[in-house]
Amino acid sequence: MQNGFDRVTRTACKLFDVPHAAIAMIDRDRYSFRSVIGLSLESIPQRALPLAADATGRGFTSISDLANSGYAQGELAAAGLRFYAAAPLVTADGQSIGALCVFDRAPRVVSAAEAEGLTDLAAMLMVQVAMHPGIGRIDASSGLPNRAQFVADLEALARETPKQRRLAAMIDLASPEQLISSVRVMGTGYLDALVLDAARRFRNMIGPGQTAYHVTGTQFACLAPAGMTEEAYRDFVTIQLQEARALAKSRFVATTALGIAPFILGEDNPLDVLRMAHNAAQDARLTDSRVAIYSPAHDAVHRRRFAILAAFDYALDHPEELSLAYQPRIDLGSGACCGAEALLRWRSATLGGVSPAEFMPFVEQSAMIRPVTARVLEMAMRQLAAWRAVGLGLDLAVNVSAMNLLEQDFAERLAAGLAEHHLDPAALELEMTESALIGEANLVLSMLNTIAGSGVRLAIDDFGTGYSGLSYLQRLPAQTVKIDQSFIRGLANEAGNLAVVRATVALCHDLGYRVVAEGVETQEALDLVAEAGCDEAQGYFFGQPLPAEDFAAWFRAWTPDAGMGASA
C-alpha cells in the first residue's frame with residue numbers, strides 16, 4: 001500500500017515538475033503527512049493547510065505564492081515553501097479525508113492540465129484507500145473515520161488537554177442474533193444497506209462539529225462535546241436515538257443500543273474506552289430506552305468471567321489444579337450411607353480457589369464442558385473402582401450438562417469408561433438439571449434412553465427450579481429426583497416450602513421416582529424431610545464434600561444411630 005502511495009506522489013512531482021509532494025490525511029484538527037517527498041514535515045494544523053474553500057473537499061486548490069497570501073506566517077511558508085496546490089481526497093459519499101499536495105520553493109501558476117492531472121491522481125489514490133481502508137484511517141463501507149482514527153484522535157486530545165474528563169458513545173446497530181437472522185433471510189446486501197443508513201443517521205444524530213467513527217462492522221462511536229455530564233448526554237442521545245429509530249429502515253428487524261463511557265484523557269487507553277462503551281451498549285439492551293452509562297461493576301463481572309474461562313482453559317492442561325470432593329447421600333430408612341455425589345473442585349494457580357457456583361455456569365456455556373465432563377467422569381470412575389476394590393460398596397453420582405447430552409458419542413464413551421474400570425453400570429448415576437432436559441427435548445430423551453439402556457442410573461437434579469412439564473417427566477427413564485436445596489433450607493420457617501416438598505414427594509412417588517432432599521443442614525430439616533416422605537438426604541448435616549481419602553475415613557466411621565438423631 002505504501003508503495004502505491006509513493007508512486008502517486010512521485011507522479012505528482014513529475015506532473016508539476018516540483019521537488020515536493022505529500023499526502024495529507026485528516027487527524028482530527030491536524031493533517032498527518034504520508035508518502036512525503038523532499039520535506040521533513042510530519043503533520044500540520046488544519047488551519048495551516050489551505051484546502052478548497054471550507055476544507056470539505058469541493059475541488060482543486062492552489063496558491064501561487066504563499067508569501068503573498070493569508071498563509072504568509074504559516075508553517076508552510078516558514079518551511080521555505082512558496083507554491084502550493086492540492087486535490088481533495090473524497091470518499092464515495094462525499095466526505096473529505098485529506099488531500100494530495102504538491103509544493104515548490106518558487107512561485108508559479110497552475111495550468112488547467114496540471115489541475116486536472118492532480119485531481120485524477122487524487123481519484124486514483126482514493127481507489128487504493130478504499131481497497132485498504134486501514135491505511136487511510138477511513139472505513140470503505142461507510143466513508144467514516146475508522147477505529148485507528150479514533151485512537152489517534154484520543155491520543156492527540158490527551159496531549160492537548162491531559163487529565164480532562166470526556167465521554168465516548170458507541171452505537172451498536174443490532175444484537176449478534178439479529179445480525180445472523182437478518183443475513184440468513186435477506187443476505188449480506190441487507191447488512192451493507194443497514195450500515196450505510198446508520199452511518200448517515202448517526203452523523204446527523206450527533207450534530208455538526210462532532211466526528212462519527214466507524215469502529216467495527218456494525219458499531220459507530222463519537223465523543224460528546226467537552227463539559228457534558230453523563231446524565232445530560234444520556235438524555236440528549238436518548239431523544240436523538242428515538243427519533244432516528246422511528247425513521248430507520250431496520251427498526252423492525254434490528255434493535256439499536258447506545259452506550260456511554262466516561263474516561264480521562266491520557267489515563268484511559270483509547271481501546272479500553274471503546275471496550276467500556278461497548279459494554280455499556282450491551283447493558284443498554286436490557287433497558288427500555290436502549291441507552292446506558294458504563295457500569296464498572298458490570299464490567300468487573302465480565303472481566304472476572306473472562307479471567308475464569310482463561311484460567312480454566314489452563315487448568316484443563318494442568319490436572320493438578322482440578323480435583324473431586326465427595327458428599328455423602330444418606331438412606332433415611334436405614335440411616336446408611338448409600339452413595340456420594342462427586343463434586344468438581346478447582347484451585348487455580350492464578351486465581352486461587354474458585355467456587356463451582358462461580359465457574360461452572362461459565363464453563364457449561366463454553367466448548368470446555370465436553371473435556372471437563374470427560375475429566376470428571378474419568379476421575380470419578382477411577383475412584384469408584386478403587387473404593388470397590390477395598391470393599392467400600394458405594395454408588396457414585398456425577399453431574400452432566402445439557403451440552404453433554406447432545407454429544408453423539410457420549411453414551412458410547414461412557415460405556416467404554418465403565419468397561420475400562422470394570423464397573424457395574426448401576427453403580428454410576430448421572431445427574432442433570434431440569435433445564436438440561438428441556439432444550440432439544442427429543443435428542444436429549446433419545447440419549448437418556450440409550451444411557452439408561454446400558455444400566456447407568458439417571459437423576460433429575462435441582463428439581464423444582466426448572467420448567468419441565470409433567471408429561472415430559474413421565475417419559476424420562478430416570479430413577480431419582482433431587483429436590484432443590486432452596487426448598488429444603490427454608491422448611492423450618494416457611495410453611496409454603498414444606499407444602500411444596502410434601503406435594504413434590506407424593507407426585508414423584510406416584511411417578512415411580514426415588515426422592516432425595518438436598519441441602520439438609522440441621523436436625524430440624526432432617527426430621528421434616530423424613531416426615532415428608534423423602535427417601536434420601538444430602539447436606540452439611542451429614543458431612544461436607546471431602547477429598548477421597550477423607551471421605552473413605554468418614555464412611556468407615558459413619559454410624560446411622562449417631563448421624564440420624566431423632567429421625568433414626
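Colleague: Which residues does L344 touch, and what makes it a contact?
Modeller: Contact means heavy atoms within 4.5 Å. Leaving out residues up to four places away in sequence, L344 touches F312, L322, S323, L324, P356, F359, M360, V372, V376 and M379. The model is predicted: local features need pLDDT of at least 70, side-chain atom pairs pLDDT 80 or more, while totals for chains, interfaces and linings use all residues. Residues are numbered from 1 along each chain as its sequence is written, and side-chain values use heavy atoms, without hydrogens and water.

Colleague: What makes a nonpolar core, and how many residues has the largest?
Modeller: A core joins buried (under 20% relative accessible area, 1.4 Å probe, protein chains only) Ala, Val, Leu, Ile, Met, Phe, Trp, Tyr and Cys residues through side-chain atoms within 4.5 Å. The largest has 85 residues, and F312, L344, L430 and I451 have the most contacts inside it. Helix α12 (residues 369-389) gives the largest share, 9 residues. Another core, of 26 residues, lies apart; L173, F220, Y233 and I260 are among them.

Colleague: Why are α10 and α11 called roughly perpendicular?
Modeller: That name covers angles of 65 to 115 degrees. Helices α10 (residues 296-316) and α11 (residues 356-364) pack at about 80°, axes 10 Å apart. They are therefore roughly perpendicular. R304, R305, I308, L309 and F312 of α10 meet E358, F359, F362 and V363 of α11.

Colleague: How do you know that the span of α7 is close to the expected one?
Modeller: The expected span is 1.5 Å times one less than the number of residues. Helix α7 (residues 188-206) has 19 residues and reaches 27 Å from first C-alpha to last, close to the 27 Å expected. G207 follows α7, with a positive phi near 90°.

Notes: Axes fitted to C-alpha atoms, helices over the stretch in contact; angles between N-to-C directions. Helix = DSSP H or I, 4+ residues; strand = E, 2+ residues; numbered from the N terminus. Parallel < 35°, antiparallel > 145°, perpendicular 65-115°, else oblique. Buried < 20%, exposed > 50% of the residue type's maximum accessible area, 1.4 Å probe, protein only.
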